[in-house]
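Please look over the model below alongside these notes. The points follow in numbered order, beginning with a helix pair.

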Amino acid sequence: MASGLYRLFHPRSIAVVGASRNPSKIGSIVLRNILSGGFAGRVYPVNPSADSIMGLEAYASLTSISGKVDVAVVAVPAERVLEVVEDAGRAGVEFLVVLSSGFKEVGNFELERQLVSAARRHGMRVLGPNIFGYVYTPSRLNASFGPSNVLPGNVAFVTQSGALGIALMGYSIVEKVGVSSIVSLGNKSDIDDADLLEFFAEDPHTKTVIAYIEGVENGRRFIDAASSFSSKKPLIVIKSGRTEAGAKAAASHTGSLSSGPLLWEGVLRQVGALQVKDVESAFDYAKLFASYSSPPGPRVLVITNGGGAGVQATDTLAENGVYLREPPSDYVEYLRSFLPSYASTRNPVDITGGASDEYYYLALKRALEHPEVDAVLVLYCQTLTTDPLKTAEAIVKAVLESGFRKPVVAGFVGSEESRRAVSFLVESGVPAYPTPERAASSLAALYRYARLREVVVKRLEYLALARREVEGKKLVTSF
């Protein structure tokens, strides 16, 4: 892997500087998360006032550890960080993960400059400061003071806000979105969004990145890294500071340079990122991209037992540039063989409010098998004559038996029983949502990404061609 961050995510050993026996201390929570998560490498608590912590021998300093330390997580007060940096440098540490606050975000620019300067003098990279840590599930590594029970998956989450990041760790559990990684960037004194995008672009365990961004220091580098990433995998961006008031709030949070909202909209479109306004949409999209990365074609079929749900989905799709076409005539003929006469066989296909599980199964399976259907949106409105979970089971059965990998997205509207059906579908690999609008918007994101990616790939090809021509002219001139 080309990225210089490989050893940060695949450490052979990790030390926690500021490890504590007090369970309420951050150094204690981080150490406990590392140990309980199943990390297979060596773990070293560092605390000059303790002989042992959580059953492990404690060390007075990093240089007193006889083994090699790849990553040092620093959880000491800001005024002590510089002495830890020097100690880490002498010990040969590769990465410093600085949780401590009290740097640029409170106006202490000089202390942060000294931190980075000292780290670079020793050849170390710095994540933070002012962060809650990071998680990488393929290494079973949770070096954070966030929740300990995140679900393994293929979505990476990169956040500039620590508190929001911790909250979203919990939200991902509730939404059953499995993550490959969660990285808190904080003040971005050294390692930034571009570094992480370069790593995750090549990471085989990551299919999608959600990034919460307040601002970036090096815009040119961000554009290059984000464009390259989007040409391979979906990038979903929650850009804070979309208004002038929000931009001022972002500037006072981590000391970021945010720039104007319109400029950011243009930049994100240029790099092929899907910009969303809220966390809910980001996770909705990520849930879809965890299963599908590109649509096989434009022909979307909607199957519903409620006309209103079908109309809402149709509007949402159209607002996002996805327009429904009439179903294939032989598919319509097939539907007529078992649906009641008052059912609508146009698109959306309304299989009626009393539709049985069998109707869903038959309509969906044949749609997936039909060569003129590229993706299916299945909508369900809970009624007294139907069981949401059984309908969900019928959908999963149709998907599995069809043997096709065409995108299937579900929207289940109703009571708690419908929520459980949504969970069952997600756990079975079918992206599912509690409203038709969220389901339709997520499916449309697949098409938006496909269009954006096409533009980005062409732009990158053009730039590569132009670069080769310039280099060729230089070579001719040199002769």
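1. The contact is made by Phe222, Ile223 and Ser227 of H7 with Trp264, Val267, Leu268 and Gln270 of H9; contact means heavy atoms within 4.5 Å. Those residues divide into five nonpolar, two polar and no charged. Here Ala, Val, Leu, Ile, Met, Phe, Trp, Tyr, Cys and Pro count as nonpolar, Asp, Glu, Lys and Arg as charged, and the others, Gly among them, as polar. The packing angle of H7 and H9 (residues 261–270) is about 40 degrees, and the axes are 9 Å apart. Axes are lines fitted to C-alpha atoms, for helices over the stretch in contact, with angles from 0 to 180 degrees between N-to-C directions.

2. Basis. This is a predicted model: local features need pLDDT of at least 70 and side-chain atom pairs count only at pLDDT 80 or more, while totals for chains, interfaces and linings use all residues. Residues are numbered from 1 along each chain as its sequence is written, and side-chain values use heavy atoms, with hydrogens and water left out. Helices (H or I, at least four residues) and strands (E, at least two) are DSSP runs, numbered from the N terminus.

3. H7 itself. This helix covers residues 219–230. Its twelve residues should span 16 Å at 1.5 Å a residue, and the end C-alpha atoms are 16 Å apart, which agrees. The expected span is 1.5 Å times one less than the number of residues. Phe222, Ile223, Ala225, Ala226, Ser227, Phe229 and Ser230 are the buried residues of H7. Buried means under 20% relative accessible area, exposed over 50%, and partly exposed in between (1.4 Å probe, protein chains only). Asn218 caps the N-terminal end, with a side-chain oxygen 3.4 Å from the backbone nitrogen of Arg220.

4. H10. Helix H10 (residues 279–289) is mostly covered, with nine of its eleven residues buried. Among them are Phe283, Asp284, Tyr285, Lys287 and Phe289. The N-terminal cap is Asp278, with a side-chain oxygen 3.3 Å from the backbone nitrogen of Glu280.

5. Cis peptides. Most residues other than glycine have a negative phi, and most peptide bonds are trans. Please check two bonds. Gly128 and Pro129 are joined by a cis peptide bond, with omega about 0 degrees. Pro129 is in the loop between strand S7 (125–127) and strand S8 (133–136). Asn347 and Pro348 are also joined by a cis peptide bond, with omega about 15 degrees. Pro348 is in the loop between helix H12 (329–336) and strand S16 (349–350).

6. Lys188. Lys188 counts as buried because its relative accessibility is 9%. Its side chain makes a polar contact of 3.2 Å with that of Gln160. A polar contact is a pair of N or O atoms within 3.5 Å; within protein, one must be able to donate a hydrogen and the other to accept it, and residues adjacent in sequence count only if both atoms are side-chain atoms. The Lys188 side chain also reaches the backbone oxygen of Gly215 at 2.9 Å. Beyond its neighbours within four places in sequence, Lys188 is in contact with residues including Gly128, Asp193, Ile213 and Val216.

7. Thr352. Thr352 is not a glycine, yet has a positive phi of about 85 degrees. Its loop runs between S16 and helix H13 (357–369). Thr352 is buried, with a relative accessible area of 8%.

8. Tyr380. Tyr380 lies in strand S17 (residues 375–381). At 0% relative accessibility, Tyr380 counts as buried. A polar contact of 2.7 Å joins its side chain to that of Thr386. Leaving aside neighbours within four places in sequence, Tyr380 is in contact with residues including Asn305, Tyr360, Pro388, Phe412 and Ser418. The C-alpha atoms of Tyr380 and Thr391, eleven residues apart along the chain, are separated by 8.3 Å.

9. Ser49. Is Ser49 buried or exposed? Ser49 is exposed, with a relative accessible area of 63%. It lies in the loop between strand S2 (42–46) and strand S3 (52–53). Its C-alpha atom is separated by 7.3 Å from that of Ala60, eleven residues away along the chain.
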